[in-house]
Amino acid sequence: MWKIEEEARKYMKEKLIVTQVITPELYERLAKTTAIYPKEKALEYLALGLTSEAGEVAGKIKKIIRDGKGNKEAIAYEIGDVLWYCAVLASELGVELNDIMKNNLQKLQERKEKGTLQGSGDRR
Ligand SMILES: [Mg+2]
């Protein structure tokens with residue numbers, strides 16, 4: 001059994017969760033178990049990693065434009081790397097990934113209702 005699977009089982013027993021779905025909370029907790037970086041440079045390291053992985057997503061999509069074909073699984077794999085950095089960065093900031101997800105959806109829903117999904121600016 002993989003170490004990460006052991007962690008997941010232990011966590012689910014603690015929380016009495018019976019599910020096949022990885023929740024944001026569980027993902028964040030398990031992602032932290034694979035995080036290796038100098039703690040004094042955590043935010044810098046994670047921000048660089050996040051942008052680097054986002055660049056890998058962009059690079060694979062760029063090649064689809066160039067070559068007219070691509071590999072969705074490879075893009076999804078890189079999205080997973082982006083997610084890992086988001087989860088660990090959220091954890092370093094002391095913010096739950098689940099709250100970030102909920103707040104983001106609420107913001108977008110409010111923009112949709114106000115008709116301001118298009119446009120620019122953080123506060124619209
Ligand atoms: Mg990657």
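Helix 2 and helix 4 pack at an angle of about 90°, with their axes 9 Å apart, where axes are lines fitted to C-alpha atoms, for helices over the stretch in contact, and angles run from 0 to 180 degrees between N-to-C directions. The two helices are therefore roughly perpendicular to each other, since 65 to 115 degrees counts as roughly perpendicular, under 35 as roughly parallel, over 145 as roughly antiparallel and the rest as oblique. This is a predicted model, in which local features need pLDDT of at least 70 and side-chain atom pairs count only at pLDDT 80 or more, while totals for chains, interfaces and linings use all residues. Residues are numbered from 1 along each chain as its sequence is written.

**Helix packing**

- In the contact between helix 2 and helix 4, Tyr27, Glu28, Ala31 and Lys32 of helix 2 meet Trp84, Ala87, Val88, Ala90 and Ser91 of helix 4, a contact being two residues whose C-beta atoms, placed from the backbone, lie within 7 Å.
- The residues of this contact of helix 2 with helix 4 divide into six nonpolar, one polar and two charged, with Ala, Val, Leu, Ile, Met, Phe, Trp, Tyr, Cys and Pro counted as nonpolar, Asp, Glu, Lys and Arg as charged, and the others, Gly among them, as polar.
- Helix 2 (residues 24-32) also packs with helix 5 (residues 97-114), at an angle of about 135° and with the axes 7 Å apart, and these two helices are therefore oblique to each other.
- Pro24, Glu25, Tyr27 and Glu28 of helix 2 make that contact with Leu97, Asn98 and Met101 of helix 5, and the residues involved divide into four nonpolar, one polar and two charged.

**Nonpolar core and burial**

- The largest nonpolar core has ten residues in all, namely Ala31, Leu46, Trp84, Tyr85, Cys86, Ala87, Val88, Leu89, Ala90 and Leu97, where such a core is a set of buried Ala, Val, Leu, Ile, Met, Phe, Trp, Tyr and Cys residues joined through C-beta atoms within 7 Å.
- Helix 4 (residues 72-93) supplies the largest share of this core, seven residues.
- Leaving aside residues up to four places away in sequence, Tyr85 touches Leu46, Gly49, Leu50 and Glu53.
- Buried residues make up 9% of the 124 residues in the chain, a residue being buried if 20 or more other C-beta atoms lie within 10 Å of its own, exposed if 12 or fewer, and partly exposed in between, with C-beta atoms placed from the backbone.

**Exposed positions**

- Ala58, found in helix 3 (residues 42-67), is exposed, because 12 other C-beta atoms lie within 10 Å.
- Lys13, which lies in helix 1 (residues 3-15), counts as exposed with 10 C-beta neighbours inside 10 Å.

**Overall fold**

- The chain has five helices and zero strands, helices (H or I, at least four residues) and strands (E, at least two) being DSSP runs numbered from the N terminus.
- The radius of gyration of the chain is 17 Å, whereas a compact globule of 124 residues would have one near 14 Å; the radius is taken over C-alpha atoms, and the globule rule is 2.2 Å times the number of residues to the power 0.38.
- Among contacts between residues at least 6 apart in sequence, 59% join residues at least 24 apart.
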